[in-house]
Amino acid sequence: MKVNEPILRVENITKEFPGVKALNEISLQLEGGVATAIIGENGAGKSTLMKILSGVYNIYEGEIYYKNELVHFQNTTEAQQKGVAIIHQELNLIPNLTISENVFLGREPLTSLGIIDYPLMRKNTAKLLERMKLQVDPDTPIFKLKVGEQQLVEITKALSLNPEVIIMDEPTSAISENEVEVLFEIIKDLKAEGKAIVYISHKLDELFKITEKYVVLRDGKFIESGEINATTEDELIHKMVGREIIISRESFQCNKKECLLSVKNLSLKNLLVRDNYLLKEVNFELFKGEVLGLFGLMGAGRTELMEVLFGLYSSRISGEVYIKGQLHQIKSPRDAMDKGLALVPENRKEDGLVLGFNITKNTSLTVLDQVSSAGFLRKKKDNDLATKYMESLKIKASSPNQIVEKLSGGNQQKVVLAKWFATHPEILMLDEPTRGIDINAKNEIYKLVRKQSQNGLGVIFVSSELPEILAVCDRVLVMAEGRITANIEVTKETSENQILKAAIPKIIKNDNA
């Protein structure tokens, strides 16, 4: 296929779910050698359209043409055989299988005897991982990988198909800056080979680095398309939401007289490596009404720190945790909740939600005692609670009875937030709370976090995005290799470089030399 020739074309695609028209007569085309950004708010229809193009959804109105041939993919296998592959925003890996087993699932190489050729499968996987610069053994089970590493395996799996059309749905949402650069180099190579790339990301700065064209969707409708270099971030935001969105640093006041949480010499042993620590002598304080940012590169120990504070790994930790001046041993998540802590986890799909439950059931999971009496669930209380948070968090759904699995990634994240806000915690830990959320929804969450902090809540805000750390936090702790390497007051003069420098292990080693 020649560069700039249409590989895939869709005409008047319409998709309805009960009570919701997710797509309304969408038309666009994808060209060889071109990366096209599909942008829009959560709920705009981006992921729904991509699932149709990749065979996940086979019931819809409209037509799809692949290399001028009318096609109607019945499943993802048919789409892959034609040459269309998707890298999902939500990971679709099997935790107990190895990397190589996941990459070649359903198309394993066979020996002459008809049995799986594991050595060849491992060899091919190793080559693909080397291209991704992911230094892990192909025999590693998926559950032993961090979310970011799993995301890279998801990308590896798609590329192993050698597709003509590659759909990337938030591919950089959980990977480090170095890994993003590797991915961008791969995308450039794929474009040079004449592949058509669909790139979906809420990180608008990425679009200007890697894409040539854009398509804007809003409320399931086509709004506009054009050349990416002929527009600006502000213009794209306006096209996405139909109004201007301004995220700015405000003046906040935190009462540092009342310490909610004090951590002293907290260490976490590495279960896999003897005499090694995932966290080493971590010390910090969180004050009432403070939003404390936590920044670090992948593997820095941010998620492990949140999990330790929430009662995981209690047998492998040392150090002291004080809540409101009282020494506590937090041995389980239930114990942490009883002490006023809440954790919005990094991986909402596996750790934050029951995808088969509706919004109501997910929201009340943490507060069943509030919506029941005498051992019986009170449906009105249950529904009222979900409706309250649907309104306050602006969750886009047909009703509280909508199954969470059917929601967009951003709205799923809002349901996780609702579940924990319902517990009325005193200390709220947010691990990548805006991952996969559009800029308007991010702004809403920033305002909500600030409002909660002004009411006295102490917030730990873990993020890989420095602009939002600077926009929402009073102070930022920087981590590298399991240690706190900097404690920085956030002001209008605080720079991203200042924070990033403290997060790079190489610089830390040189400074200590």
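## Ground rules

Residues are numbered from 1 along each chain as its sequence is written. In this predicted model, local features need pLDDT of at least 70 and side-chain atom pairs pLDDT 80 or more, while totals for chains, interfaces and linings use all residues; side-chain values rest on heavy atoms, with hydrogens and water left out.

## Aromatic pairs

There are 3 aromatic pairs here (ring centres of Phe, Tyr or the six-membered ring of Trp within 6.5 Å; planes under 30 degrees apart are stacked, over 60 edge-to-face, the rest tilted). One of them joins Phe 17 and Tyr 57, edge-to-face at 5.5 Å centre to centre with 70° between the planes. Phe 17 belongs to strand β1 (residues 6-17) and Tyr 57 to the loop between α1 (46-53) and β4 (61-66), so this pair ties together parts 40 residues apart in sequence. Helices (H or I, at least four residues) and strands (E, at least two) are DSSP runs, numbered from the N terminus.

Another edge-to-face pair is Phe 184 with Tyr 199, at 6.4 Å centre to centre and 65° between the planes. Phe 184 sits in helix α6 (residues 177-192) and Tyr 199 in strand β8 (residues 196-200), so parts 15 residues apart in sequence are tied together.

## Charges over rings

Lys 280 has its charged end over the ring of Tyr 277, 4.0 Å from the centre. Lys 361 does likewise with Phe 357, at 5.3 Å. The test is NZ of Lys or CZ of Arg within 6 Å of the ring centre and within 35 degrees of the ring normal.
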